[in-house]
Amino acid sequence: MQDKHQDRIRLPLLRARVTSAAKAAEWIQDGMTIGMSGFTRAGDAKVVPMALAERARNEKLKITLMTGASLGSDVDKTLTEAGVLARRIPFQADPVLRAAINRGEVMYVDQHLSETVELLRTRQMAPIDIAIIEAIAITETGAIIPTTSVGNSASFAILADKVIVEINITQSLELEGLHDIFIPKHRPQREPMPLMTPHDRIGTTAIEIPADKIVAIVFTEKLDSSSTILPPDTETAAIAAHLVDFFKDEVAQGRLTESLLPMQAGIGTIANAVMGGFIDSPFQHLTMYSEVLQDSTFDLFDAGKLDFASGSSITLSSQKSKEVFGHIGKYKDRLVLRPQEVSNHPEIIRRLGIIAINTALEADIYGNVNSTHVLGTHMMNGIGGSGDFARNAYLSVFATKSIAKGGKISSIVPMVSHVDHTEHDVDIIVTEVGLADLRGLAPRERAEVIINNCVAEPYRQMLHDYVTEAQLRGGHTPHMLEKALSWHTRYRDTGSMLTHEKEAEILAQEAISLANA
């Protein structure tokens, strides 16, 4: 090892364990369960997985792969193409892996992100054989200092038989001290987590494990993958505006102050745009208690709106990454990264009174939300942490654009084709059309509010017609079972949720408009 890297391995006896990615990958054998660092394209292992895929091209090698959340650097894609993945847990966002899951070639276990290590700790799932953890350095005691995410890395390293460390020298040593590693005790001796505000620190700054568990160390220079979020558009800006207006009213009613309550935002373009909408709002001294800290987090810092942010990872666009990590000292005293079983802990979420803002693939007229499956069968990414927050939040908000595929799909339907979040866990549904406040409403009332406030025409009238007919049959939650999923089957068969009559009506109106023009 070169002398210039000695500050990255501060325990001298470990320096002899520096090796190549290919040599490190030899520790992994067919049938093993592997835990890899990484949470939403941040802080993930990058070179040992690629060496593993290369091995698999010449020998039988199948593993169960557990992570914190999705991986970047095409790791999931490469491992899938090499046939390495037998089972994947608990979240993914790669198109190639997604296709293999939907073909039934990879068994995918979609879990609440707070639960994976709980199941491991209590031996309800197969134990971790080897953990592969990205780090900025290893301390004098052999503790691992993570990079841009914590996720499940700490528990993987603690629970695994052996640990491989990827030290990423592109990540600044200034990240040291950013992390807060707290590991709950085993039940029934577990004590409450002593976390009372987002800025509380309750653990250590590194992952403490016996040094002899580290069997290989590999140096890497690969950057985190940039986030795939898109800039705000007209619809996402409208969604943000509706939410800002809603929170203004909550302040006026005396239910919130101008600093609101700690906020959580899911990953993606819509959630990022919604958070960005608070920059021009009247709210001040905001805080976040979330999973992924995106571009909008640092835009809010720079605008003087945000005082503190707690998360499990930092996932940024390419330009924002250069700005933030090139000047991490500017933000460091206002940030903390935690294990996801802490960032997503149900009791902490309820204790702090989190305002949770997540995205939906579709919602129905009674407030049930599908965030994972297309047409009820095909997995997109996974439930992630949205369920951890939705069930326990002070306010549970789900945002979506009202239509998709150029108007061929309505995001508000009679009945969702798959339920991730029941109506009992959904307080607010917001689209670019408007906002539906469902608190305290019975199902028939929720249907009216959602249809009138969140649905674009011609789907609004179609839903009114559905509800009118369904209510003739009675019931606490009126439905026509033979028609409840007819919009989905129509889209499957014709490529549009619109009826032939509605499409003909739209075409006629467009022709009249053109003639008048």
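Before we start, a quick word on labels: a helix here is a DSSP run of at least four residues, and helices are numbered from the N terminus. Also keep in mind that this is a predicted model.

So, with that in hand, let's go to the second largest pocket. Which helix gives the largest share of its lining? That's H10, residues 318–325, which contributes four residues. Altogether 18 residues line this pocket, and the ones nearest its centre are Leu 223, Asp 224, Ser 321, Lys 322 and Phe 325. Its volume comes out at about 310 Å³. If you sort the lining by class, you get six nonpolar, nine polar and three charged residues.

Okay, next, a pair of helices. When two helices pack, we describe them by the angle between their axes and the distance between the axes. For H8, residues 269–276, and H9, residues 295–302, the angle is about 10° and the axes are 8 Å apart. Angles under 35 degrees count as roughly parallel, so H8 is roughly parallel to H9. Who's touching whom? On the H8 side you'll find Asn 272, Met 275 and Gly 276, and on the H9 side Asp 295, Ser 296 and Leu 300. Those contact residues split into two nonpolar, three polar and one charged.

Last stop: Ala 515, which sits in helix H17, residues 500–516. Is Ala 515 buried or exposed? Its relative accessible area is 64%, so Ala 515 is exposed.

Key. Residues numbered from 1 in each chain as written. Predicted model: local features only at pLDDT ≥ 70, side-chain atom pairs only at ≥ 80, totals over all residues. Heavy atoms only, no water. Axes fitted to C-alpha atoms, helices over the stretch in contact; angles between N-to-C directions. Helix = DSSP H or I, 4+ residues; strand = E, 2+ residues; numbered from the N terminus. Parallel < 35°, antiparallel > 145°, perpendicular 65-115°, else oblique. Contact = heavy atoms within 4.5 Å. Nonpolar A, V, L, I, M, F, W, Y, C, P; charged D, E, K, R; others polar. 1 Å grid on protein atoms, 1.4 Å probe; cavity = no way out; pocket = protein on both sides within 12 Å on 5 of 7 lines; lining within 4 Å. Points joined across faces, edges and corners; volume = space filled by probe spheres on them. Buried < 20%, exposed > 50% of the residue type's maximum accessible area, 1.4 Å probe, protein only.
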